[in-house]
Amino acid sequence: MKIYIIITILLGVLSYTYLKLAIKFNIIDKPNQRSSHTKITVRGGGIIFPIAILLFYVIHNFTFPYLTLGIFLIAIVSFLDDIYTLSSKIRFPFQFIAVFLILLEIGLPYSPIYMYCTAILFGVGIINMFNFMDGINGITGLYSLSVLLGFYFLNENEQLLQSDLIIYSIIALLIFGFYNFRTKALFFAGDIGSIAIGALVFFMGLYFMYYLESPLILLFVIVYGADAGNTLLYRKFFTQESIFEAHRHHIYQKLVDKTRFTHLQVSFLYAILQFGISLIILKTYKLSLEFQWLLFFGLILVFIIAYVIIFKKLQKIVG
């Protein structure tokens with residue numbers, strides 16, 4: 001317990017220090033027509049997420065070196081992107097390298113090569129999904145807390161990972177929440193925060209799925225996946241926009257724009273819904289593979305149908 005108190009104090013001091021430095025050096029996010037916020041806010045507050053992972057690495061005898069290196073690699077690039085706005089031609093190569101390092105940490109075999117390449121693409125997709133979904137106060141922090149709690153309870157059953165990796169990250173999320181879980185946030189996670197936590201979630205999800213041989217583990221991010229994936233398809237086939245441009249088509253954005261839901265209410269909704277699905281997974285991940293695959297595709301179908309219904313209803317509401 002003592003070490004958790006020390007970690008909490010240290011991350012708390014670092015987060016406050018970053019807030020002051022970011023204000024001094026003008027590391028801010030200015031509202032535009034695609035923003036969900038209306039005031040200038042410090043960006044990059046998620047810098048404490050990779051720091052929490054680094055603390056775990058040092059305190060626990062340099063456990064998971066490839067994971068730590070991979071997350072720090074994309075964290076540095078993402079922080080530069082928060083400050084200077086880098087081209088995707090610069091960001092993506094580093095993301096691929098980071099995912100490759102994470103796969104090395106997991107010990108995923110290279111053969112068959114098509115499966116390995118699929119895992120790399122999937123990892124880059126998860127990382128960017130967390131980045132794309134980071135658009136309203138509280139959503140990255142609360143949703144990530146929900147996902148990590150699911151992994152924590154799963155790990156309590158299986159003891160595959162050192163639980164402190166999850167606990168340190170949860171502490172970082174709670175400290176971040178002190179500044180972000182507000183009507184008017186003091187700072188945002190920024191790319192460095194959303195991408196770092198996305199990389200960690202990818203590592204844990206694939207790690208548990210691979211060693212437990214359970215496809216259901218992928219559904220620990222089904223709520224984000226349904227919104228991000230279906231919105232991507234909508235933009236690809238029904239709009240003339242580039243899929244890489246900022247937009248306001250996600251369900252969570254429409255709920256804020258076209259209903260009376262506040263940022264935090266929508267964020268809590270996503271987190272609670274995901275935790276409910278996680279509880280289902282925790283009860284079923286040891287069942288037969290046939291049942292798991294049936295449940296896997298069944299839940300995906302349910303979320304696709306729900307997305308279409310909700311999206312159409314929200315489209316009819318005059319914003």
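Helices here are DSSP runs of H or I, at least four residues long, numbered from the N terminus. That numbering is what I use throughout. Keep in mind that this is a predicted model.

The largest cavity has a volume of about 80 Å³. Its lining is F122, I126, F151, V201, F202, G205, L206, I217, L218, F220 and V221. Two elements give two or more residues to that lining, α5 and α8. The largest share comes from α8, with four residues. By class, the lining has ten nonpolar residues, one polar and no charged.

The second largest cavity has a volume of about 30 Å³. I74, V77, S78, R91, Q95 and I195 line it. Here the elements giving two or more residues are α3, residues 65-84, and α4. Helix α3 supplies the largest share, three residues. The lining of this second cavity splits into three nonpolar, two polar and one charged.

Back to α8 for a moment. Helix α8 covers residues 190-212, 23 residues in total. From first C-alpha to last, α8 reaches 33 Å, close to the 33 Å expected at 1.5 Å a residue. Is α8 enclosed or open? Of its 23 residues, 20 are buried, so α8 is largely enclosed by the rest of the structure. Just after α8 comes E213, with a positive phi of about 55°.

Now the open side. The second largest pocket has a volume of about 850 Å³. It is lined by 31 residues, and the closest to its centre are M129, G225, A228, G229 and L232. Which of them gives the largest share? That is α9, with ten residues. The lining divides into 21 nonpolar, nine polar and one charged.

Stay with α9. N230 is found in this helix. Its relative accessibility is 14%, and the cut-off for buried is under 20%, so N230 counts as buried. Not counting residues up to four places away in sequence, N230 touches G225, F303, I304 and Y307. G225 is also among the residues closest to the centre of the pocket.

Next, a loop residue. H250 sits in the loop between α9 and α10, residues 251-258. Buried or exposed? H250 is buried, with a relative accessible area of 3%. What does its side chain pair with? There is a polar contact of 3.2 Å between the side chains of H250 and D227. Setting aside neighbours within four places in sequence, H250 is in contact with F132, M133, D227, A228 and T231. A228 is another of the residues closest to the pocket centre.

Last one, S169. This residue lies in helix α7, residues 163-180. S169 counts as buried, at 3% relative accessibility. Its contacts, leaving aside neighbours within four places in sequence, are I53, L148 and L200. As a distance reference, take S169 and I106, 63 residues apart along the chain. Their C-alpha atoms are separated by 19 Å.

That's the tour. Happy to take questions.

Methods: Residues are numbered from 1 along each chain as its sequence is written. This is a predicted model: local features need pLDDT of at least 70, side-chain atom pairs count only at pLDDT 80 or more; totals for chains, interfaces and linings use all residues. Side-chain values use heavy atoms; hydrogens and water are left out. On a 1 Å grid over the protein atoms alone, a cavity is a set of points where a 1.4 Å probe fits but cannot get out, and a pocket is an open set with protein on both sides within 12 Å along at least five of seven lines; lining residues have an atom within 4 Å of a point. Grid points are joined across faces, edges and corners, and a volume is the space filled by probe spheres set on the points. Ala, Val, Leu, Ile, Met, Phe, Trp, Tyr, Cys and Pro count as nonpolar, Asp, Glu, Lys and Arg as charged, and the others, Gly among them, as polar. Buried means under 20% relative accessible area, exposed over 50%, partly exposed in between (1.4 Å probe, protein chains only). A polar contact is a pair of N or O atoms within 3.5 Å; within protein, one must be able to donate a hydrogen and the other to accept it, and residues adjacent in sequence count only if both atoms are side-chain atoms. Contact means heavy atoms within 4.5 Å. The expected span of a helix is 1.5 Å times one less than its number of residues.
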